[in-house]
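Thanks for coming. I have a short walk through one structure today, so please look at the screen.

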Amino acid sequence: MQVLENELFRVEIDPMGAELCSMKSKKTGTEYVWQADPAVWKRHAPILFPIVGRLKDLTFTAAGKPYKITQHGFGRDLMWQVGSAGDDYVEFVLEASDKTREMYPWDFVCTVRYTLTGATLKKEHITMNRSDTDMYYEVGGHDAYTLCWLPGESITDYFVAFEGTEALHPIEKDENVMLSRDHGDLPLVDGRLPITRETFANDAIITDDLPVRRATIGCVKNDRSVTMDFADFPYFAVWSAYKDFDVPYVCLEPWSTLPDGGYLDHAIENKVGVRVLSPGQQECLSFSTTIQE
């Protein structure tokens, strides 16, 4: 486990999946990252790479050839190498291998850099194409934050606030849980999405039109907050297993690309929002999370 630490927080990151596993306050002792109860959801904050979400038939095609790959890609299930590190940052590196090429044909290097500054944890995703053809890829976060920070609270005391809008327009899903072209209308209460069992009755709430790319977890019973800024990511989802389990957490999920649509074919280049890198090109997409106590 790699550790970042300052006077405010202690952060732990597992090289398996380069996954954030803990962000604990030194002031209050509160653990803000979901602790991965395997009976409910065994992950903390998986990195989604090189695809986001579900694929029709678990398959995509590249240059006409089909490839089978698991939901959210293989990045979360592989060991990353620890690269450069210091007191306030650490890098994890994943490179293409014979195993990854069976699922994804391109030669890549993906580096995830975590930096802890005060009460803010920044996560940078730096992807490079080492292939001699254009490379299509997707990347995203799936960070689960534990709620009920003070005794006597319930998950329903919490909400996710969005700036600049009074309603979300979630992308609707078809009978196979694939995205459709249609959008719904989900009114907010003073810009807040309440967390109830009904909120996630149709799985994750997926948006593509937020006027401000920022989301804040807050509570009606205390003044603490967890705010995620994700200007580099055009798509965003909110999800919790609370609809099926009595668990106090909610996931904030910035995505570079939308999951598969039922109206699309299998070609990866036709995915909505898919990123493309020319040979030798790299880019960095980042988001940050700030905790206020």
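First, the ground rules. This is a predicted model, in which local features need pLDDT of at least 70, side-chain atom pairs count only at pLDDT 80 or more, and totals for chains, interfaces and linings use all residues. Residues are numbered from 1 along each chain as its sequence is written, and side-chain values use heavy atoms, with hydrogens and water left out.

Start with the sheet. Nine strands form an open sheet, in the order β6-β7-β8-β9-β24-β20-β19-β12-β17, with antiparallel pairing. Strands here are DSSP runs of E of at least two residues, numbered from the N terminus, and two strands pair if DSSP finds at least two bridges between them. Which strands stand at the edges? They are β6 and β17 (192-194); each has a single partner strand, so one side of each is left without a neighbour in the sheet. On average, neighbouring strands of this sheet are turned by 20° against each other, direction ignored; the axes are lines fitted to C-alpha atoms.

A nonpolar core is a set of buried Ala, Val, Leu, Ile, Met, Phe, Trp, Tyr and Cys residues joined through side-chain atoms within 4.5 Å. Buried means under 20% relative accessible area, exposed over 50%, and partly exposed in between, using a 1.4 Å probe and protein chains only. The largest core has 70 residues, and those with the most contacts inside it are Tyr 114, Val 160, Phe 162 and Ile 217. Strand β8 (residues 108-117) gives the most to this core, with five residues. Another core lies apart from it, with 19 residues, including Leu 48 and Tyr 249.

For Cys 284, it is that of Cys 110, at 9.8 Å. Cys 251 counts as buried because its relative accessibility is 0%, while Cys 284, at 35%, counts as partly exposed.

Next, Thr 257, in the loop between β22 (249-255) and β23 (275-277). Is this residue buried or exposed? Thr 257 is buried, with a relative accessible area of 0%. Its side chain makes a polar contact with the side chain of Ser 256 at 2.9 Å. A polar contact is a pair of N or O atoms within 3.5 Å; within protein, one must be able to donate a hydrogen and the other to accept it, and residues adjacent in sequence count only if both atoms are side-chain atoms. The side chain of Thr 257 also reaches the backbone oxygen of Gly 273, at 3.3 Å.

Last, the backbone. The peptide bond from Phe 49 to Pro 50 is cis, with omega near 0°, and Pro 50 is in the loop between β3 (19-25) and β4 (59-62). Leu 58 lies in the loop between β3 and β4, and has a positive phi near 55° without being a glycine. Leu 58 is partly exposed, at 46%. His 72 is not a glycine, and has a positive phi of about 70°. His 72 is buried, with a relative accessible area of 6%.

Conventions. Helix = DSSP H or I, 4+ residues; strand = E, 2+ residues; numbered from the N terminus. Disulfide = S-S within 2.5 Å. Axes fitted to C-alpha atoms, helices over the stretch in contact; angles between N-to-C directions.
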